[in-house]
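Let's work through a structure together, one feature at a time.

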Amino acid sequence: MEDQSFDKIYEQYGKMLYRTAFLYLGNADDTEDILQEVFIKYLTARPEFNGSDHERAWLLLVTRNACRNFVKKSRKGNVSLEEYDAPAYSADRDERLDILRKVTALPPKYKEVIILFYYNGLTIEEIGALLGLSRSAVKMRLKRGKEKLKISLEGYDRE
């Protein structure tokens, strides 16, 4: 693979994969290690893709699996989001960080679909294909995840 091609892939997917891994791990150093692992796997495996959607799905799946394996090995539960450049949900940075903390505190099956849907912009069908779930299972996890978030965010005027 040419360096120029890899640079393009990194530019296209790096931020999305960083955000995904950070929401799983909550630590910038661990997130960077996972990203390095994912891109090394990308370079060594040299997978063939049927388009950019397939490539994105593969990278997200590898990132998700690497994060899960890391969490199992390290048993880390601490989340420190202060250094994360949070998405613009609110003009108030503290509120955004609090929302991110609530998302990362969700049970894994809800956190996963929330991250993929709201933070990475995947469709319900794409999430289902990525996680091996039916369309209705993805919708139900999104619904229940949002309900749990709504309860934990009762102090905010948000849905």
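A: Before the helix pairs, one definition: axes are lines fitted to C-alpha atoms, for helices over the stretch in contact, and angles run from 0 to 180 degrees between N-to-C directions. Helices (H or I, at least four residues) and strands (E, at least two) are DSSP runs, numbered from the N terminus. Please keep in mind that this is a predicted model, where local features need pLDDT of at least 70 and side-chain atom pairs count only at pLDDT 80 or more, while totals for chains, interfaces and linings use all residues. Residues are numbered from 1 along each chain as its sequence is written, and side-chain values use heavy atoms, with hydrogens and water left out.

Q: How many helices and strands are there in the protein?

A: The protein has seven helices and zero strands. Read from the N terminus, its elements run α-α-α-α-α-α-α.

Q: How do I read burial, and what share of the residues is buried?

A: Buried means under 20% relative accessible area, exposed means over 50%, and partly exposed is in between (1.4 Å probe, protein chains only). Here, buried residues make up 40% of the 159 residues.

Q: And contacts: what part of them links residues 24 or more positions apart?

A: Contact means heavy atoms within 4.5 Å. Of the contacts in the protein with a separation of 6 or more, 62% are between residues 24 or more positions apart.

Q: Now a helix pair. At what angle do helix 3 and helix 6 cross?

A: The axes of helix 3 (residues 52–74) and helix 6 (residues 124–131) cross at roughly 55° and come within 10 Å. That makes helix 3 oblique to helix 6. As for the words, angles under 35 degrees count as roughly parallel, over 145 as roughly antiparallel, 65 to 115 as roughly perpendicular and the rest as oblique. A crossing is left-handed if the near helix is turned anticlockwise from the far one by less than a right angle, and right-handed if clockwise; helix 3 passes helix 6 in a right-handed crossing.

Q: Which residues of helix 3 and helix 6 meet?

A: Asp 53, Arg 56, Ala 57, Leu 60, Leu 61 and Arg 64 of helix 3 meet Glu 126, Leu 130 and Leu 131 of helix 6. By class, this contact of helix 3 with helix 6 has five nonpolar, no polar and four charged residues. The classes are simple: Ala, Val, Leu, Ile, Met, Phe, Trp, Tyr, Cys and Pro count as nonpolar, Asp, Glu, Lys and Arg as charged, and the others, Gly among them, as polar.

Q: How does helix 6 pack on helix 7?

A: Helix 6 and helix 7 (residues 135–152) pack at about 105°, with axes 9 Å apart. That makes helix 6 roughly perpendicular to helix 7. Ile 124, Glu 125, Ile 127 and Gly 128 of helix 6 make the contact with Arg 135, Val 138, Lys 139 and Leu 142 of helix 7. Its classes are four nonpolar, one polar and three charged residues.

Q: At what angle do helix 5 and helix 7 cross?

A: The axes of helix 5 and helix 7 cross at roughly 100° and come within 9 Å. That makes helix 5 roughly perpendicular to helix 7. By class, the contact of helix 5 with helix 7 has seven nonpolar, one polar and six charged residues.

Q: Is Thr 20 buried or exposed?

A: Thr 20, in helix 1 (residues 3–25), is buried, with a relative accessible area of 2%. Not counting residues up to four places away in sequence, Thr 20 touches Leu 60, Thr 63, Ile 115 and Asn 120. A polar atom of the Thr 20 side chain lies 2.9 Å from the backbone oxygen of Met 16.

Q: What does Cys 67 touch?

A: Cys 67 is in helix 3 and counts as buried at 0% relative accessibility. Its contacts, leaving out residues up to four places away in sequence, are Ala 21, Tyr 24, Leu 25 and Ile 34.

Q: Finally, how do I read phi, and where is Arg 46?

A: Most residues other than glycine have a negative phi. Arg 46, in the loop between helix 2 and helix 3, has a positive phi near 45°. Gly 121, which follows helix 5, also has a positive phi, near 70°.

How values were computed:
A polar contact is a pair of N or O atoms within 3.5 Å; within protein, one must be able to donate a hydrogen and the other to accept it, and residues adjacent in sequence count only if both atoms are side-chain atoms.
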